[in-house]
Amino acid sequence: MMFRLLLLLPLGLLALQGQDLRLLCEQRGIKLGAAADPTRILDTKEIVYAATLGWEFNQIEPENAMKFGPIHPSQASYSFGPADTIVNFSNAVGQVVRGHTLVWHSQNPDWLTKGNFSSKELSDILQSHINTVVGRYAGRVYAWDVVNEAFNDNGTIRSTIWSDSPGIGLTGTAYIEQALRWANSADPKALLFYNDYSAEGMNAKSNAVYAMAKDFVTRKVPLHGIGLQMHLTLTPGSLADIDTNIKRITDLGLQVHFTELDVRLPVDSSGNATAAALATQAQIYHDVVAICLKYPLCTAIQTWGVTDKYSWIPSVFPGFGAALLFDTSYKPKPAYNSFRDALAQAAPVISASGLVSAASYEGNGVAPGEIVVLYGNTFGPSILQLPQLDGGKVSSNLSSARLLFDGVPAPLIYARVGQVSAVVPFAVEGKTTTQMQYEYQGVKSNAVTVPVLASKPAIFTLDTSGTGAGAILDPNYQVITASNPARKGGVILVFGTGGGAMTDNPQDGALAGVPLPQIRDTVSATIGGVDCKVLYKGALPGGVLGALQFNIEVAAGVPSGVRPIVITIGNKSSPSAVTVVVE
Ligand code: XIL
C-alpha cells in the first residue's frame, strides 16, 4: 500500500480514477491482471504507464519477457533482467505475478528451432528450461501458463517442436503432462495452468481441453487451472457457451483464469473506434466478467495490456484496436465502467461445505449459538473487520457484510474476503434445517441449506488448529501446559462452543452476564476416557452468548500425560483430537 502511494507521489494531481476496479476485485477475492512490458515500466518519461499498472491492477504477467526466446536466448545463457523487472515491480506494489509461458510453438529462439535436436535432447532442454525458470521464480510467480496453445481448433494436438516435430518423445497430451510434472517439481506451490485461445465457449477445441483436464484431474496430474485467453471481437459468440464451459471446468475443481482478455474494435486511421463500438465493447466486458463472477473458482481476470497505446492488436489485426480498458491517454473507457458495474452487481457465491465450527472445523450442520466460520465467500470487506458492539450487543453488520440464517442476521466475530465468523442465531433451535445467505453491501448470495443439530460441541484449541492442546486454564486462569499440567482432583476451565439451546432466553449477540445462561441439554465429560464431573456448563462470563465455559473436575483416576478431553452434550461429543496435559 505504502509503495503504491509512493509511486503516485511524483504524479501530482494526475487524474487517476480511484482504482475502483481493483478495490472491487479485491473485495470479490479475484485478481485483476494486466500483461506488461518491462521497458515501459522503466520508462521514466512515461511514468503514467507504471502508475496505471501499479495502481489499477493487482496482478501482472509479462507479455513477452518470460517466453522461451526472450528468457533463454542462447543454449548456454538466460536473460532474466526484463522478467526480473516485472517481478520486482509487482512485489514493490503488492501485486502477484502470473508466469507466461514455458511450452509454446511460438517465440522460440533459433538455436532451439534450428538446432536439429533429437527427441531425447529436446526433452532434456525442456526439463532444464522449466526447472531453471520456474525454480528461479519459485515463491514469486504464483501461477504459470505451463503449456500454451497446444491444440488445433479441431481438437487435435498441434504439431510443434515439443509435441511431434520431433517432440520430446511422448505422444498425445503426455508431453503436456510431462511439462506439468516438471514445473510442479520445480515449484510445488505454484498453480499450474493450461492456456489457450478460441477455447472459451463450447467447441471441438474446448472439448479437447476439457477431456485432457478431466483425465489429468482423475490421474492427479498437477494441473490446477485452465487459462481462457479471451481475445474477443464485437461478435464474441455464445455467452451461454462460455458460461457452460467455465461451469464444466470449475466442476472438475479446477480454477479458471481469463488470461488475455481484450475486445478488439474496428478503428479509423488514427486508431479511434466509434462511440457505438465502444459501448458494445463495454457490454461485452460486462457480460464476460459477470459470467466469471458466478463461479468461485473463476479467480482472475487479466487484460492483455494496460493501455490501447501499446496493445498488440493493431500490429497483428490491421484495422483493429482500442481493445483494452484504458485508452491511449490512459483514461478509463466505457468498458472500465461496465467492468466495475458487473462487479458491483454480482452476487456473492457461497456453499454449505464452507461452513464449519470455529473451534473444531467440523462441518455438516450447525447448532443454535454455535460459533462458526464460513470460508470461501468471495465477497467481503478487503480489510479484516473485528467485532463491534452495537447497543451493547455484538453487531451483526461489519462493513456491510452480514450472514443470515433464515433471514436472521448472525452476530459477527470478524469478516474479511474469503472468511467470516459468526454466532448462529438461537432462533434455529428446533428446526431441522436453516437457509444461510451471505450479504455484502446489500447484495445477497445464493441461499444454501444447512442441517440444524441440537448440539455440536467443540473445544477451542490453543493454536486454533482445532486439534492438539485445548484452550484450557487452571483455576488461577493460567494456561494448562506441560509445565503447568492439570491437577488430579483439581478443576480446569475449558472453553468451547456448540452447546445448543440455553436457559434464560438467550439474545443473539448479547454479552453474558448474571443470570448466566446454562446449556439446557445434558453435559458430560471424559479425560483420557475417564468420566469427570462437570461443575459448570454455561455461558462464558462477559463473552458473546454462544461462547461456552465448562468447569471440569479432573477425576483422580485420569491417567497422567497428554490425554484427549471430550465433552458430550445431548447425543453428540466433541472431537477427541483435543488434548489436556494431566500431572
Ligand atoms: C503476443 C504479444 O502480445 C506480442 O507482443 C508478441 O509479439 C506476440 O505475442 N496469445 C498468447 C500471447 O498466448 O503470448 C500472445 O502475445 C498473444 C496471443
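This is a predicted model: local features need pLDDT of at least 70, side-chain atom pairs count only at pLDDT 80 or more; totals for chains, interfaces and linings use all residues.
How many bridges pair β28 with strand β29, and in which sense do the two run?

Now the reply. β28 and β29 pair in the antiparallel sense, over six bridges. Strand β29 covers residues 548-553. To find the pairing on screen, go to K533. K533 stands opposite E553 in β29.

Stay with β28, and look at another partner. Strand β27, residues 523-527, pairs with strand β28, residues 530-539. Their sense is antiparallel, and the pairing has three bridges. β27 and β28 make a hairpin, with two residues between the strands. Look at G528 in this hairpin. G528 takes a positive phi, near 55°.

The loop between β26, residues 491-497, and β27 holds P515. The peptide bond joining V514 and P515 is cis. Its omega is about 0°.

Next, a sheet. Four strands form an open sheet, in the order β12-β13-β19-β18. The pairing is antiparallel. Which strands sit at the edges? They are β12, at 355-357, and β18, at 412-416. Each of these edge strands pairs on one side only. From one strand to the next, the twist averages 25°.

β18 pairs with strand β19, residues 419-423, in the antiparallel sense. There are four bridges between β18 and β19. L412 has A422 in β19 as its bridge partner. R416 has Q419 in β19 as its bridge partner. β18 and β19 form a hairpin, and two residues lie between them. In that turn, G418 has a positive phi of about 90°.

On to the ligand. How many residues surround the ligand? There are 13. The closest are E63, K67, H100, E260 and W304. Start with K67. An N or O atom in the K67 side chain is 2.7 Å from an oxygen atom of the ligand. Then H100. Its side chain has an N or O atom 2.7 Å from a ligand oxygen atom. Then E260. A polar side-chain atom of E260 lies 2.7 Å from an oxygen atom of the ligand. How much of the ligand does the protein bury? Taken alone, the ligand exposes 410 Å², and the protein buries 78% of that. As for the site itself, the ligand takes up the space of the largest pocket.

Finally, some backbone details in the loops. Where is P166? P166 is found in the loop between β4, residues 141-148, and α9, residues 174-186. The peptide bond from S165 to P166 is cis, with omega near 5°.

Last stop, K220. K220 lies in the loop between α10, residues 204-218, and β6, residues 225-228. What value does phi of K220 take? Phi is near 60°, a positive value in a residue other than glycine.

To recap, go back to the opening question. β28 pairs with β29 over six bridges, in the antiparallel sense. β28 also pairs with β27, over three bridges. Thank you.

Technical notes. Residues are numbered from 1 along each chain as its sequence is written. Side-chain values use heavy atoms; hydrogens and water are left out. Two strands pair if DSSP finds at least two bridges between them. Axes are lines fitted to C-alpha atoms, for helices over the stretch in contact, and angles run from 0 to 180 degrees between N-to-C directions. A residue is near a molecule or strand if one of its heavy atoms lies within 4 Å of it. A polar contact is a pair of N or O atoms within 3.5 Å; within protein, one must be able to donate a hydrogen and the other to accept it, and residues adjacent in sequence count only if both atoms are side-chain atoms. Accessible areas come from the Shrake-Rupley method with a 1.4 Å probe; for residues, only the protein chains shown count as cover. On a 1 Å grid over the protein atoms alone, a cavity is a set of points where a 1.4 Å probe fits but cannot get out, and a pocket is an open set with protein on both sides within 12 Å along at least five of seven lines; lining residues have an atom within 4 Å of a point. A molecule sits in a cavity or pocket if more than half of its atoms lie within 2 Å of its grid points.
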